[in-house]
Every structure is written in C-alpha cells, then in structure tokens.
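The entries follow the order in which I looked things up.

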Amino acid sequence: WIAAREHQLLLAPMQGLLGESLAAASLLAASLKFQGTLTLQLAGSTGQVSMLVAQATDTRSVRGVIYGAHTAPAANAQFGDLIAGGRMVVSMEQGDGVMPWQGVVPLDGSSLATCLEHYFVVSEQVPTAIFLAADAHRAAGLLLQKLPDTATQGEVAAAAAHDIWEESAALLATLQPSELLDSDAEGLLQRLFANRDVRLFAGEPVRFACRCDRERVAGMLQ
C-alpha cells in the first residue's frame, strides 16, 4: 500500500479511499479463476474525486491512482462528498482474445463497502458483507459471502444456513476500522466468529507492481 501511493501526494480522505479501493480490488481478484486482471474504477463524479482506478491481478499484484478536482477536499470530507453522482465499474480481463466482463452500479451508498455490497446483489445475486479500512500505513479488508444453497439441502438446513449468515453479517458489522487494521487475519476471524469452525488457508503476499517502463512512456510521448 505504501509503495502504491509513494509518488502521489494525497490528503487524508483521498488517501483513505484509494487504500480501501486497493484492499477491495485484492479481495475481489482473489476469486478469479483465470489468469487476468480485475479493475475497480470510480468515475463520473461531480465531487472532489474525478477518477479512481485500482487494479489487482490473479498473482496478487496491485496498483492504483486517484485524481482529484481542482479544489482540495476538506479534511473531514465524507464518501458522498468525494464521489457525488458517480458510478462504479468492475471489469475482469482474461486476455487471449476473451471479451472483458464489466459490471456497473451507481455510487449511491454511504461508503465504498456498501457500494460493493450493492454491486454483488445486482451483478452476481450473492449475499455479501464487506468491511474496508485504510490509513497512511496500512490498508485492509474483509469480505464475507454466503455460499449458494444446494438443491438437496432441504428447508430446515437452508433456514439454518440463513440464520448463520445473518449472525455472521451482524458480527462483521461490529468491527471497527482500527481493529481491522491492527489485527492479524487469524486472530481477527477467531474473535469475530468464536463460536464457529474457522479454517484459514495459507496467506498469499500482495505486492505493488506497475506496468510502466521507459519504452512505454517514450512511446506515449512520441
């Protein structure tokens, strides 16, 4: 996260939004079942952020940039002030001649997380709860999704699964930004879902990587 914004001078509200976007893109890209890139783009705003692009690949490399309006945002600017009237575009690119897939939703939530939850409801019909946080040194996110019911599950089992989902989403809503940023993944999940069988896969390192090089920049200038 620090490397990704090293050459961008950003005030706190914009910095926080970019950090949350990179964390969100990393979480979404973790579900890619092909070699490719996921791009999260905020655009069309009449607020203080004119454009934001965050990208993550299947190999866990990330990069991002945010552009502000001519007037600097207030130190206490809220999400709605930054992206007023904008839209969120989620794109998945596989390459090899495969047409990119794209989903678009309005940025009408109270936070980036709530807008992403709306995106999952509209685009994928998957119940989803997301929590994002970022400061000058750390960016983190937690994405919770309900697995689809099976055809052989039965009404009783489906109702029990729904109750577990409602309980888990309510527990996630108790999370504080500082708790997410200060905690390791295993400890956080065990505290949130202490009464459940939590199984954690091995972690994968996320790194900043930019595709720019001298030849590409020279070609663009020419």
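My entries below go from the sheet to the helices and then to the cores.

I am working with a predicted model, in which local features need pLDDT of at least 70 and side-chain atom pairs count only at pLDDT 80 or more, while totals for chains, interfaces and linings use all residues. Residues are numbered from 1 along each chain as its sequence is written, and side-chain values use heavy atoms, with hydrogens and water left out.

I looked up the sheet, taking helices (H or I, at least four residues) and strands (E, at least two) as DSSP runs numbered from the N terminus, and counting two strands as paired if DSSP finds at least two bridges between them. I found six strands in an open sheet of mixed pairing, ordered β5-β4-β1-β2-β3-β8, with β5 (101-106) and β8 (207-208) as the edge strands, each pairing on one side only. Strand β4 (residues 87-93) pairs with β5 in the antiparallel sense over six bridges, and V89 stands opposite V104 in β5.

I turned to the helices, where contact means heavy atoms within 4.5 Å and angles run from 0 to 180 degrees between N-to-C directions of axes fitted to C-alpha atoms, for helices over the stretch in contact. Helix α1 (residues 12-29) lies across β1, β2 and β3 at about 30° to β2, whereas α3 (residues 112-124) lies across β1, β4 and β5 at about 125° to β5.

I then checked the nonpolar cores, each a set of buried (under 20% relative accessible area, 1.4 Å probe, protein chains only) Ala, Val, Leu, Ile, Met, Phe, Trp, Tyr and Cys residues joined through side-chain atoms within 4.5 Å. In the largest, of 39 residues, L17, M88 and L116 touch the most other members, and α1 gives the largest share, nine residues.

Definitions and conventions. Buried < 20%, exposed > 50% of the residue type's maximum accessible area, 1.4 Å probe, protein only.
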